[in-house]
Amino acid sequence: MYRISLDSIDNLFAAISAVEKLYIPADREDGQSYFTEWKEGVKLSDNLNTFRSAKGLFFPQVQDLVSFRTEGKKIEVIDTRKETEDFVVFGVRACDAASFGILDRVFLSDPVDSYYKTNRDHGTVMTLACNRPDETCFCTSFGIDPSDPAGDISCWKDKENLYLKSLTEKGEKLVYALKDLLTECDENAADTVKAEVKAVMNELPLSNLKPDDFTGEQLSVFNSEKWKELYRSCIGCGTCTFVCPTCQCYDIKDFNTGKGIERFRCWDSCMYSDFTMMASGTPRLTQLERFRQRFMHKLVYFPMNNDGVYGCVGCGRCLRKCPVSMNIVKVMKSLGGDAK
Amino acid sequence: MINDTLIPSVAVVTDIRTDTPDVKTFRVVTQDGKKPFDHKPGQCAMLSIPGVGEAMFSITSSPTVKEYLEFSIKKCGCLTSWLHMIEPGQEICIRGPYGNSFPVDTDFVDKDLLFVAGGIGLAPLRSVINYCRANRENYRHIDVVYGARSMDDLVDYQEIISEWQKEEDMNVYLTIDRPQEGWNGHVGFVPNYVTELGFDKTRTVIICGPPIMIKFTLAGLTTLGFEKSQIYTTMEMRMKCGVGKCGRCNIGNKYVCHDGPVFRLDQLSELPDEY
C-alpha cells in the first residue's frame, strides 16, 4: 500500500494525465459532479457520487459503429473506428466498480462486443472508498463493500492522505509509474477509514434491505398483482435507466450525414413505449409491462442467467433522480413477500 | 476491417419472386456470388438497407441449398416496404445466422411430422420442410396444413403444387378463409381444419402463424390429446443486436434472438405470457 498527502493530490493527477487521459469526478455549476477530463484547475469533487455513473466511458451514450456509402445499387461498408487511447478513471465508487462486472457479463460474453471490450482494455479503474454513504445507498444489499472497492487500484481517503493499493497488473503498472510521488505505507493504513465507513453503513435506513426475498419463480413474481399498483406513478421518462450504472439496453440507428450513412448505437430504455414496437404491434402495451420488465430484468431474469448476480448495485441514483419517487427499493420491499 | 457481429457484410439480391400481393421472396448471395453463410433450419439473419433500417428475418431456404439464402418477406413496415421496391442487383447488408434451430437432427428424427402454418408463417417452416424432404429417410410421414386469407395469399404456392404435393409419403392440406372463384380446395380457418383432419397424437407438431391462429390450433391439438412437449413454434420480437445484448426481445429470462426463436411449447409455458 502507498500513500500521498491530499495537498499533493493535484500532482498525482498531473502525473497520471501526463501519461494517459484522466477522468475524475468534478463539480459543475449545478453542484453535481460528473466524470471530467482532468486538466490544471479541475478539482476532485467532495460529493458522494457522480450524477451519472462511469459506464459511459466504456459504453458511451452514443457511439459510431460503422459507415456506409451507397451509390445506385452499390453499398460500401467503411470502418471508421479510430485508435482508442489508454485512459484512467479515478474516483469510481464501489457500487459503480461492481457495475462494470455486470456490464462485462453482458458485453464480454460470447459473442464479445468488441467496442466495449476495446474501451475496457484501454481503461484503468482507480476506485475510491466511500467516506459517508448516504440514506439512498444500499450497495451492501448486493454484497458490495463500500469501504473496500474493487478495481485496478483501490483508494481510500482520510483527512490528510490518499491511500492506494493496486489489485491488478494494470494497476501495478500505473502505481509503478507514479512511484516517485508515493510513499510506501503499512498495509493496515486505511483500516481506520474502512471501519468508519462500515459504522456509517450500518446506521443507514436501507442497510437491512435484502434482494434474496425476491428470488422466486419468475412466473410468480411476474404475475404478482402488486405491479398494478406499483407502476401507476411511473411516467416512463427513462431517467432511471440513464443514470443507472447497470442499464445496458441499446438501440442501433442509421443517420444520413449528407456524405454517407453513419450507423451508431445509443442508450435506450425499456421504459419507452416504442422499445419493443414492431410493425405488428408490441408485446408491452402499457407502462405496467415496461415498468415490470425493468425490475424483473434486474432482480429476476439477470440473476437467473448470471449465477445469481443481481443487475443492481444499490448506488441509489434512481432513488435520488426519479421525478415521481418510484424506485427499485420500493419494488423490492413491496414484492419481496410475494416471491417467497 | 472490423470484426464484430454488429457489422454486416454486403450481399446482392439476385432474384425477387412475387409470391402474393404483399409477400416477396428475395434470393441473396455474396458479392462474389456465393451463399453468405451456412445456417440451420429455423435460424434468422439481420438484413439492412443503410439509412432505412435493420431487422431480423427468418431464412426460408433450406440449409441443403448451398448456392444462396432466401427470405420471404411481407410488406408491413418501413424496411420491408423499402425491400419491396428494390430490383435485382440491389446490394443489401446481411449478418448472421442468429438463434437456435428446430431439432431436425435429434427430436424430429423417426417422427411423424405435422407442420401447421398460416399466411407468412410458412416462411420459417419452409426451411424445415425442405430440409426434411432433402433428408427424407430420417423422418416418417410428413403432413402440412397451410392456410391463408385467399388463394392469392398462399406463399410458395408454385413450390407446394409442383413439389410438395407430389412428394411421396407427404400430404399437403391447403385452406383459404373464404370461398373464392377458381378454388376447389378446402375453405375454412386453419385451427378448425386441423381439428377436422383429426391427426393422431403421436405426431411432432411444428406451428407458425398469426398469434390468433396458433392460440386456437393449440386448443384443438390439446383436445386431440397432444402434449405441449410435442409442439414447437418460432417466435418474433423486435431486435437490434441479434445476440442477446441490446435487451429488447426477451420473454422472461430468454432472449428470442439468442435462446430462441424456436421454443417447445412446454418451455414457453414456463415463461411469462408476454409475447
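**Entry 1, conventions.** I worked on a predicted model, in which local features need pLDDT of at least 70, side-chain atom pairs count only at pLDDT 80 or more, and totals for chains, interfaces and linings use all residues. Residues are numbered from 1 along each chain as its sequence is written, while chains are lettered from A and ligands numbered from 1 in the order in which they are written.

I then took the contacts, where two residues count if their C-beta atoms, placed from the backbone, lie within 7 Å. By that rule 31 residues of domain 1 of chain A are in contact with 25 residues of domain 2 of chain A. On the domain 1 side, β4 and α3 of chain A are the elements that give two or more residues, and β4(A) has the largest share, with nine residues. Elements here are DSSP runs numbered from the N terminus: helices (H or I, at least four residues) and strands (E, at least two). I sorted this side of domain 1 of chain A by class and got 16 nonpolar, nine polar and six charged residues. In that sorting Ala, Val, Leu, Ile, Met, Phe, Trp, Tyr, Cys and Pro are nonpolar, Asp, Glu, Lys and Arg are charged, and the others, Gly among them, are polar.

**Entry 4, a sheet in chain A.** I traced an open sheet of four strands in chain A, in the order β5-β4-β12-β11, with antiparallel pairing (two strands pair if DSSP finds at least two bridges between them). β5 and β11 of chain A are at the edges with a single partner strand each, so one side of each has no neighbour in the sheet. Between β4(A) and β5(A) I noted five bridges in the antiparallel sense, with A:Ser67 opposite A:Ile78 in β5(A).

Chain B is divided into domain 1 (9-98) and domain 2 (113-234), with 24 Å between their centres, taken over C-alpha atoms. I found 15 residues of domain 1 of chain B in contact with 14 residues of domain 2 of chain B. β1 (9-20) and β5 (69-74) of chain B each supply at least two residues of the domain 1 side. That side divides into five nonpolar, eight polar and two charged residues.

**Entry 6, strand β8 of chain B.** I checked β8(B) (residues 142-148) for burial and found six of its seven residues buried (20 or more other C-beta atoms within 10 Å of a residue's own, with C-beta atoms placed from the backbone). β7(B) (residues 113-118) pairs with β8(B) in the parallel sense over six bridges, and B:Phe115 has B:Val144 as its bridge partner. β8(B) also pairs in the parallel sense with β9(B) (residues 170-176), over seven bridges, and B:Ile142 stands opposite B:Met170 there.

Key: Domain bounds come from an automatic or database domain assignment. A residue is buried if 20 or more other C-beta atoms lie within 10 Å of its own, exposed if 12 or fewer, and partly exposed in between; C-beta atoms are placed from the backbone.
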